[in-house]
Amino acid sequence: MVTKMNIALVLMTILAALPGNIVAVDHIVGDTTGWTIPSSGPTTYANWASGRTFRVGDTLVFNFASGAHDVAKVTKSAYDSCSSTNPISLITVGPANITLNSTGSEYFICTFGQHCNAGQKLAINVATSSTTSPTPAPSPVPNPTRAPTPTPSLSPSDGPSGPSPSPSGGAGDSPVSAPPPGPVTPEPTTPSPTSPGDGLVPPPAPSSASRSAFVHALIMFMSIAISIMC
């Protein structure tokens, strides 16, 4: 039982330490619009990103036709000015998959002509893999310790009790049968021998050796019972 409880506590600790979101998500940039010059205005991709949460491990999928567009990862200043000089990375073959490996702001543009100035640009903020703090691990539950059961000790009063007095007559009196009817010749009778005390000889008291063996056996039995219960 103790082993199962320890295993359960370890499993609960591992589960509590796991992040709330451990499944990476693929984000299709622009959804059905794809990565192109947006027909709905320069805020198209900003509006698309505002309704999503981006985490480390997620992937951005840029769907575009090769030779018509590209996707460049740039700094914030290059994003603001739509500068294609010295991009951090550049992918010219579509579709392009970019995995988000770090937290913070990420900026992407298309370097073709005036595409960036027409609104083909994307800025996102990447959060950690889990925004919720891990649940505290449960405190280990101490195993209840059973107090040892006291071993009963034998006192002189626990020894065998003396014989109970005879229910009939006085102590040591033997029952006498009634004389047969009719005259009888008196004969001298020999008094029956009487034993000291009540006339009953008490059984011999148990020897100290047998009582010691009984105590040792009882202690051994109680030790085995306690070990099984714990």
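Reader: How far does the backbone nitrogen of Thr36 lie from a polar atom of the side chain of Tyr45?
Author: The separation is 2.9 Å between the backbone nitrogen of Thr36 and a polar atom of the Tyr45 side chain. This is a predicted model, in which local features need pLDDT of at least 70, side-chain atom pairs count only at pLDDT 80 or more, and totals for chains, interfaces and linings use all residues. Residues are numbered from 1 along each chain as its sequence is written, and side-chain values use heavy atoms, with hydrogens and water left out.

Reader: Is Tyr45 buried or exposed?
Author: Tyr45 is buried, with a relative accessible area of 0%. Buried means under 20% relative accessible area, exposed over 50%, and partly exposed in between (1.4 Å probe, protein chains only).

Reader: In which helix is Tyr45 found, and what is Tyr45 in contact with?
Author: Tyr45 belongs to helix α2, residues 44-50. Helices (H or I, at least four residues) and strands (E, at least two) are DSSP runs, numbered from the N terminus. Leaving aside neighbours within four places in sequence, the contacts of Tyr45 (heavy atoms within 4.5 Å) include Val29, Trp35, Thr36, Pro38 and Leu122. Tyr45 and Trp35 are 10 residues apart in sequence, and their C-alpha atoms are 9.1 Å apart in space.

Reader: Turning to the core, how many residues has the largest nonpolar one?
Author: The largest nonpolar core has 18 residues, and those with the most contacts inside it are Trp35, Leu60, Phe62, Leu122 and Ile124. A nonpolar core is a set of buried Ala, Val, Leu, Ile, Met, Phe, Trp, Tyr and Cys residues joined through side-chain atoms within 4.5 Å.

Reader: Which elements give two or more residues to this core?
Author: They are α2, β3 (59-62), β6 (96-99) and β8 (121-127). Apart from this core lies another, of eight residues, among them Ala78, Cys82, Tyr107 and Cys116.

Reader: And Phe62, what is in contact with it?
Author: Beyond neighbours within four places in sequence, Phe62 is in contact with Val29, Trp35, Val71, Pro95, Ala96, Ile98, Phe108 and Leu122.

Reader: Which cysteines form a disulfide?
Author: Cys82 and Cys116 do, with their sulfur atoms 2.1 Å apart. A disulfide here is a pair of cysteine sulfur atoms within 2.5 Å, and a search of the whole structure finds one. The torsion about the S-S bond of Cys82 and Cys116 is about -70°, so the disulfide is left-handed.

Reader: Where do Cys82 and Cys116 sit in the chain?
Author: Cys82 is in the loop between α3 (76-81) and β5, and Cys116 is in the loop between β7 (104-109) and β8; the pair, 34 residues apart, links distant parts of the chain. Cys82 counts as buried at 18% relative accessibility, and Cys116 is buried with a relative accessible area of 4%.

Reader: What about Cys110?
Author: Cys110 is in no disulfide, the nearest cysteine sulfur being that of Cys116, 8.3 Å away. Cys110 counts as buried, at 1% relative accessibility.

Reader: What is the strand order of the open sheet?
Author: The five strands follow the order β2-β8-β7-β4-β5, with mixed pairing. Strands β2 (54-55) and β5 (89-91) stand at the edges, each with a single partner strand, so one side of each is left without a neighbour in the sheet. Two strands pair if DSSP finds at least two bridges between them. Strands β4 (residues 71-74) and β5 run antiparallel and are joined by three bridges; Lys73 stands opposite Ser89 in β5.

Reader: What is the mean pLDDT of the chain?
Author: The mean is 72, and 49% of the residues reach 70 or more; pLDDT is the predictor's confidence in each residue, from 0 to 100.

Key: A polar contact is a pair of N or O atoms within 3.5 Å; within protein, one must be able to donate a hydrogen and the other to accept it, and residues adjacent in sequence count only if both atoms are side-chain atoms.
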